[in-house]
Amino acid sequence: MKKTSFRTRVITGAVAAAALSAGTFGAMSANASAPAAAPAAAVKADASNRNLVQSTHLTVAAATKAAQATLDAAKKENQRVSVAVVDRNGNTIVTLRGDGAGPQSPESAVKKAYTAVSWNAPTSELVKRLEQAPNLKDIPGTLFLGGGAPVQAKGAPIAGIGVAGAPSGDLDEKFAQAGVASLNR
């Protein structure tokens, strides 16, 4: 294959860019004078298609209900905590900072929720796994302390609830479990 010179490549590129610009300008000019076309028909997805995956997500209302139930459980025990609910992908749905909760608690709650949903296990159980795999704690966005609980549908994780601010991870996790339980009512 013959190698082209730098000059030839530059000229060829300029010609291609000019042709593309002219085509775009022409299409825009034609669209500006033509009446609006009818919207394209919606593509109907076949649920039996093997290329599609259905997943379950908490609504904002359900996430808020769980977060409020968590704060209520903590308040009954005079604990000042923050709670976070994340979706299956670890994206925050809702975060509530309880009255008097520490400034670090919202971020810690999000990380605990993310950790719980990522491994589909309570964070207190994951802390035990650090003995065999200490590098787990190095994964960005995770926090291996008690206080995170997964929310499951048919055994699969669909969300995580994280709590931070109580004097112990056991209490944080107890409150997170109260939030999970509220979704079953």
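**Close-up views of a predicted model**

**View 1. Lining of the largest pocket.** Gln68, Leu71, Asp72, Ala74, Lys75, Asn78, Gln79, Arg80, Val81, Arg97, Gly98 and Asp99 line the largest pocket. A pocket is an open set of points on a 1 Å grid over the protein atoms alone, where a 1.4 Å probe fits, with protein on both sides within 12 Å along at least five of seven lines; lining residues have an atom within 4 Å of a point. The volume is about 260 Å³, taken as the space filled by probe spheres set on the points, which are joined across faces, edges and corners. Helix H2 (residues 60-76) gives the most to this lining, five residues. Helices (H or I, at least four residues) and strands (E, at least two) are DSSP runs, numbered from the N terminus. By class, the lining holds three nonpolar, four polar and five charged residues. Here Ala, Val, Leu, Ile, Met, Phe, Trp, Tyr, Cys and Pro are nonpolar, Asp, Glu, Lys and Arg charged, and the others, Gly among them, polar.

The model is predicted: local features need pLDDT of at least 70, side-chain atom pairs count only at pLDDT 80 or more, and totals for chains, interfaces and linings use all residues. Residues are numbered from 1 along each chain as its sequence is written, and side-chain values use heavy atoms, without hydrogens and water.

**View 2. Thr70 in helix H2.** Thr70 sits in H2. Its relative accessible area is 0%, so Thr70 is buried (under 20%; exposed is over 50%, partly exposed in between; 1.4 Å probe, protein chains only). Its side chain reaches the backbone oxygen of Ala66 at 2.8 Å. Beyond four places in sequence, Thr70 touches Val83, Ile161, Val163, Phe175, Ala176 and Gly179 (contact: heavy atoms within 4.5 Å).

**View 3. Helix H5 and Ser182.** H5 (residues 169-182) has 14 residues and reaches 20 Å from first to last C-alpha, close to the expected 20 Å (1.5 Å times one less than the number of residues). Its buried residues are Asp172, Glu173, Phe175, Ala176, Gly179, Val180 and Ser182. Their cover includes H2 and strand E4 (156-164). A polar side-chain atom of Ser182 lies 2.7 Å from the backbone oxygen of Gly179. Leaving aside neighbours within four places, Ser182 contacts Lys65, Ala66 and Ala69.

View 4. Most residues other than glycine have a negative phi. Asn78 has a positive phi of about 55°. Asn78 lies in the loop between H2 and strand E1 (82-87). Lys154 has phi near 55° and is in the loop between E3 and E4. At 90% relative accessibility, Lys154 is exposed.

Notes: A polar contact is a pair of N or O atoms within 3.5 Å; within protein, one must be able to donate a hydrogen and the other to accept it, and residues adjacent in sequence count only if both atoms are side-chain atoms.
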